[in-house]
Amino acid sequence: MPELETALRQLGREVELPATPDIAAAIRPRLERPRSWRRPVLVAIAVALVAIGAALLVPPARTAILDWLGLRNVSVVRVPELPGARPLGRLDLGERVTPADARRRAPWLLVPDDKPDAFYVDDSVPGGRVTLLWGAASGPRLLLTETTGRAYIQKVVLGDTNVEPVDVGDAGVWFRGQHVVMFSDRNGVFHDTRSRLAASTLVWQLGGLTLRLEGDLTKEQSLRIARTVG
Amino acid sequence: MVSRPQDESALVERARRGDEQAYEELVRAHQGIAFRTAYLLAGNASDAEEAAQDGFVKAYRALGRFRAGSPFRPWLLQIVANEARNRRRSTGRRAALALRAAAEESSGDAAPSPEGVQLAGEDRERLLAAVNSLRDEERLVIACRFFLELTEAETAAALDIRVGTVKSRTSRALEHLKEAYA
């Protein structure tokens, strides 16, 4: 038997395997960690204040507690009544692309173990936004949205909506129940025409990425999926 | 080159504290074996490359859960191999690729093995055919143990089976090879 093992080892040296690509260089941008939180937070506060005043038209006296939950690019505004917002429509997600195209246009994209049914890219969100969809486009079972540090997300929640910090990635927050979600445009402004109604959502930060997972899931199910992403 | 273990735990510790350069050194030390393992499991170079990239990124994010002082390579190979398996599953391809010998002329230039054995062309083809005729699970265990020269623990991590299963499957595969190759 040792003879056979020796022959196998020798054969292994002669088996054709492709050359190893430079993986270290390829993943360098994906390892980036947040270096400073102050400036983005200040920008986000400014952006959020503009949004509260200009876009949402929430009466100033009745607004608004901003919750900063350790997510650099996400602000939370509590309101007594949700502003009118459309339910999810296909256009909200952007352009449908192939998985390869999504990776090309967003090299930082993380894809969970369970492969999505569709990929969408929206270039109108600063830095690009990719949405992975499971289920039918007309009634998605699950959405995973990924944006970079250049995009800001605002969550408008009712006073009693459960907003809870959770342990996932660098920082995470669980939003239980319906709320309104808005993505900033290139100028950092939120428009109510671009807002939509969202179901329970897990938002978390991984290095330079902000991820949000939305679907009809419990907190535990969402966390389990989130932890397979990265 | 693989760093000495004490250097490696220092690198892991630095990477765990967010030192990207330390992690890059770890990636450079292990990208070869990670890519080749992914290639065996995914069956093609582009899926293997993606699997290795995603695996290294996930491992970096998961360093907080890595048990300090334990060997890094099996842990990493487990993550990368899992990525590779998922890619293969999602495309519905068969479990392991058929291995091919490198072209004759390049094998002539290959460094002589430590054992001083060179397989004659005909023996090589016959042994390779025997390996390729094994069931997927046996071919993979042979490829991990003898072609990639992974340890039993690393093979177990890469194939997501127990060390005991690696041992029994290897000896069964060797028996089958012996029959086919004798």
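Figure 1. Of the 182 residues of chain B, 43% count as buried, where a residue is called buried if 20 or more other C-beta atoms, placed from the backbone, lie within 10 Å of its own, exposed if 12 or fewer do, and partly exposed in between. The structure is a predicted model, in which local features need pLDDT of at least 70 and side-chain atom pairs count only at pLDDT 80 or more, while totals for chains, interfaces and linings use all residues. Residues are numbered from 1 along each chain as its sequence is written, and chains are lettered from A and ligands numbered from 1 in the order in which they are written. The secondary structure of chain B comes to nine helices and zero strands, helices (H or I, at least four residues) and strands (E, at least two) being DSSP runs numbered from the N terminus. Among the contacts in chain B with a separation of 6 or more, 66% are made by residues 24 or more positions apart; two residues are in contact if their C-beta atoms, placed from the backbone, lie within 7 Å.

**Figure 2. Helices α2 and α3 of chain B packed against each other.** Helix α2 (residues 20-42) of chain B and helix α3 (residues 45-61) of chain B pack at an angle of about 135°, with their axes 8 Å apart; axes are lines fitted to C-alpha atoms, for helices over the stretch in contact, and angles run from 0 to 180 degrees between N-to-C directions. This angle makes α2(B) oblique to α3(B), given that angles under 35 degrees count as roughly parallel, over 145 as roughly antiparallel, 65 to 115 as roughly perpendicular and the rest as oblique. From α2(B), the residues that meet α3(B) include Y23(B), V27(B) and F35(B), and among those on the side of α3(B) are A48(B), F56(B) and Y60(B). The residues of this contact of α2(B) with α3(B) divide into 13 nonpolar, two polar and two charged, where Ala, Val, Leu, Ile, Met, Phe, Trp, Tyr, Cys and Pro count as nonpolar, Asp, Glu, Lys and Arg as charged, and the others, Gly among them, as polar.

**Figure 3. The side of chain A that touches chain B.** In the interface, 30 residues of chain A are in contact with 43 residues of chain B. Both α1 (2-14) and α2 (23-27) of chain A supply at least two residues each to the side of chain A that touches chain B, and the largest share of that side, 11 residues, comes from α1(A). Sorted by class, the residues of the side of chain A that touches chain B are 15 nonpolar, five polar and 10 charged.

**Figure 4. Helix α1 of chain A against helix α7 of chain B.** Helix α1(A) and helix α7 (residues 136-147) of chain B pack at an angle of about 85°, and their axes are 8 Å apart, which makes α1(A) roughly perpendicular to α7(B). On the α1(A) side the contact is made by E5(A), L8(A), R9(A) and G12(A), and on the α7(B) side by I142(B), F146(B) and F147(B). By class, this contact of α1(A) with α7(B) has four nonpolar, one polar and two charged residues.

**Figure 5. The open sheet of chain A.** The secondary structure of chain A comes to five helices and 13 strands, and eight strands form an open sheet in the order β3-β4-β5-β6-β13-β12-β9-β8 (chain A), with antiparallel pairing; two strands pair if DSSP finds at least two bridges between them. Strands β3 (95-97) and β8 (162-166) of chain A stand at the edges, each with a single partner strand, so one side of each is left without a neighbour in the sheet. From one strand to the next, the twist averages 20°.

Figure 6. Strand β4 (residues 118-122) of chain A pairs with β5(A) in the antiparallel sense over five bridges, and D122(A) stands opposite R129(A) in β5(A). Strand β5 (residues 129-136) of chain A is in turn joined by eight bridges to the antiparallel strand β6 (residues 139-148) of chain A, where T131(A) stands opposite T145(A) in β6(A), and β5(A) and β6(A) form a hairpin with two residues between them. Another hairpin, of β8(A) and β9(A), has four residues between the strands, and G169(A) in its turn has a positive phi of about 55°. Strand β9 (residues 171-176) of chain A is mostly covered, as five of its six residues are buried.
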